[in-house]
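Reader: I am new to this structure and would like a guided tour. Could we begin with the terms?
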Amino acid sequence: ATAHGAPMNPGSRTFLCYEDGLSSTGEIVPKNPACAAAEAQSGTTPFYNWFAVLRSDGAGRTAGFVPDGSLCSGGNTAFSGFDLPRSDWPVTHLTSGATYAVRYNAWAAHPGTFTMYVTKAGYDPTKPLTWAEMESTPFATADHPPETGPVGTLDGHYDWTAQLPSGKTGPAVIYTV
């Protein structure tokens, strides 16, 4: 990634764990076991910076740049707790083949092209996520989708519609570049 922002719907691990742990006082206290494990490994800073999983030196590079087992952190060691192989991460339930309204946070406005990939059939969330487990062809692309709301807030986002891949069952990871 070359911009600040993260998928809000379907939610990224960082965003869903931020929502899971945010208390009424603004303190992060994860309730979900996977989010708590991420906090134990990486501390709470990644929860407050849920929109900052990026490598400013990425320039759109993915496989071969972001190491296997580090896809969810984008190779950013500050977010390494989100790479933990677990089956209990908070998720967004999706319907295979459905048309889906995607919302991607625009914490810092960086319009461009968003490309979405998904894991292959048989993905096992209890093993480290590798590039070999990702479909090589994106299932959706959004070129400069409309931006709504003030940047730097939860209300600033890009919206587009994606056709989810058909024939998918079980757990899967959507990876957005």
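Author: A residue is called buried under 20% relative accessible area, exposed over 50%, and partly exposed in between, using a 1.4 Å probe and protein chains only. This is a predicted model, in which local features need pLDDT of at least 70, side-chain atom pairs count only at pLDDT 80 or more, and totals for chains, interfaces and linings use all residues. Residues are numbered from 1 along each chain as its sequence is written, and side-chain values use heavy atoms, with hydrogens and water left out.

Reader: How many of the residues count as buried, as a percentage?
Author: Of the 177 residues in the chain, 41% are buried.

Reader: Which helices and strands does the chain have, and in what pattern?
Author: There are 3 helices and 7 strands. Along the sequence they follow the pattern β-α-α-α-β-β-β-β-β-β. Helices (H or I, at least four residues) and strands (E, at least two) are DSSP runs numbered from the N terminus.

Reader: Which residue pairs with Lys168?
Author: Glu135 does, with the closest N and O atoms 3.0 Å apart. The two lie 33 residues apart, Lys168 in the loop between strand 6 and strand 7 (174-176) and Glu135 in the loop between strand 3 (113-118) and strand 4 (140-143).

Reader: Is Lys168 buried or partly exposed, and why?
Author: Lys168 counts as partly exposed because its relative accessibility is 23%. Glu135 is also partly exposed, at 31%.

Reader: And what does Arg103 meet in a salt bridge?
Author: Arg103 meets Asp159, at 2.8 Å from N to O. This pair links distant parts of the chain, 56 residues apart: Asp159 is in strand 6 (residues 157-163) and Arg103 in strand 2 (residues 99-105).

Reader: What about Arg86?
Author: Arg86 and Asp88 join their side chains in a salt bridge of 2.8 Å, N to O. Arg86 is partly exposed at 23% relative accessibility, and Asp88 is partly exposed at 26%.

Note on methods: Salt bridge = Lys/Arg side-chain N within 4 Å of Asp/Glu carboxyl O.
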